[in-house]
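Subject: Structure handover

Hi,

Here is the structure I promised to pass on. Please open it and keep it beside this email as you read.

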Amino acid sequence: MVPRVVFGAGSFDQIDEIIGGQRKETAPFIYLIDSVFKTQKQLIEDRLPLQQQDTVVYVSTEEEPKTAQVDAIVAQIKKEYKFAPSGVIGIGGGSVLDLAKAVAIMLKNPGSASDYQGWDLVPNKALYHVGIPTISGTGAEVSRTTVLTGPERKLGINSDYTPFDQVILDPQLIKDVPKDQWFYTGMDCYIHCIESLNGTYLNAFSQSYGEKALDLCKEIFLSDTLPKEEADAKLMMASWHGGMSIAYSQVGVAHAMSYGLAYVLGTKHGIGNCIVFDKLGKYYPEGVRLFKEMKAKHNIELPQGLCANLTDEQLNTMISVALSLEPLWENALGKQWRDKVNEQVLRELYLSL
């Protein structure tokens with residue numbers, strides 16, 4: 001679990017006192033910030049308690065985070081500083097938060113980030129790291145994984161050392177998120193809930209978080225009376241609860257298939273989940289029905305024909321990546337999942353997108 005969390009409008013301005021005790025003499029803090037804020041420094045950078053040795057790195061989120069990107073950031077930090085930094089602070093959406101978690105891990109572990117894609121492969125505790133979301137829904141702020149596209153597959157570094165040491169949840173930071181992105185990322189949370197609550201890995205712990213997150217999603221995306229500020233605060237908590245539900249269970253069909261999309265086509269996680277989930281009525285009938293209702297209410301048009309012009313090689317790679325995520329399929333369909341899903345089933349599903 002994340003051991004420390006601060007929540008509340010304006011709580012971002014407490015960052016100095018929150019992280020101050022972790023500063024080690026001249027060792028810097030490394031701030032990884034979504035590049036969308038590069039031209040709006042008054043929103044983030046100008047409010048940071050920067051000291052002379054601290055470094056701000058703006059990270060593009062045009063593409064999904066990659067193991068090579070993590071390795072490059074870590075190599076640059078090690079080149080610039082003789083000693084380990086005081087900590088890594090990620091400020092942005094799920095991609096930036098995942099990068100921050102991965103960089104913190106790799107500053108304390110040898111080799112490449114791709115060496116640790118999988119479950120419980122990280123031997124050494126990560127460097128102190130802080131997560132500050134500026135968009136809500138992914139659950140990256142609370143999860144024990146950092147999802148990365150590597151040379152062979154898209155897969156998280158799932159470990160007890162992955163979660164942040166500190167999270168700051170300030171609803172004011174998510175108030176200006178563009179509507180489409182707000183919907184896609186919010187639906188990532190909704191899909192987490194549906195996949196967790198309908199999965200074979202479900203237990204009372206994950207169920208309690210998943211049910212609360214689902215209730216919040218219904219209120220946020222179907223209510224006509226919820227004020228914007230209240231909706232932002234509730235979405236921040238829905239993301240947290242959805243991430244907690246997944247931490248103690250697992251996701252399912254939509255995530256497995258969207259990983260394949262991302263690996264081959266570079267489709268971003270939120271919209272990829274939506275494109276796939278829209279076609280999964282066979283697996284999640286009630287969840288998909290409600291998703292379509294939310295989509296219609298907010299006038300969201302999903303891309304069509306995404307896989308229509310794929311080569312056989314691309315399609316086979318996509319299928320292979322999806323099928324390699326065995327815990328997701330087992331959670332969705334049970335231990336005998338191979339009797340229900342195979343290459344042909346996935347081929348037809350992908351071609352329907």
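This is a predicted model: local features need pLDDT of at least 70, side-chain atom pairs count only at pLDDT 80 or more; totals for chains, interfaces and linings use all residues.

Residues are numbered from 1 along each chain as its sequence is written, and side-chain values use heavy atoms, with hydrogens and water left out.

**Aromatic rings**

A pair of aromatic rings is described by the distance of the centres and the angle of the planes. Rings of Phe, Tyr and Trp (its six-membered ring) pair if their centres lie within 6.5 Å. Planes under 30 degrees apart count as stacked, over 60 as edge-to-face, and the rest as tilted. By this rule there are 10 aromatic pairs.

Take Y190 and F277. Their pair is edge-to-face, with 6.2 Å between centres and 90 degrees between planes. Y190 sits in helix α4 (residues 179-197) and F277 in helix α8 (residues 269-277), so the pair ties together parts that are 87 residues apart in sequence. Helices here are DSSP runs of H or I with at least four residues, strands are runs of E with at least two, and both are numbered from the N terminus.

Buried means under 20%, exposed over 50%, and partly exposed in between (1.4 Å probe, protein chains only).

W329 and W337 form a stacked pair: 6.1 Å centre to centre, 20 degrees between the planes. W329 is buried at 0%. W337 is buried at 4%.

There is also an aromatic cluster. Its members are W182, F183, Y184, Y190, F221, F277, Y284 and F291.

M1 lies in the segment before β1 (5-7). With 58% relative accessibility, M1 counts as exposed.

**A loop residue**

Where is S159? It lies in the loop between β8 (154-158) and β9 (166-169). S159 is buried, at 2% relative accessible area. Its side chain makes a polar contact of 2.8 Å with the side chain of T162. A polar contact is a pair of N or O atoms within 3.5 Å; within protein, one must be able to donate a hydrogen and the other to accept it, and residues adjacent in sequence count only if both atoms are side-chain atoms. Leaving out residues up to four places away in sequence, S159 touches D120, V122 and R144 (contact means heavy atoms within 4.5 Å).

Best wishes
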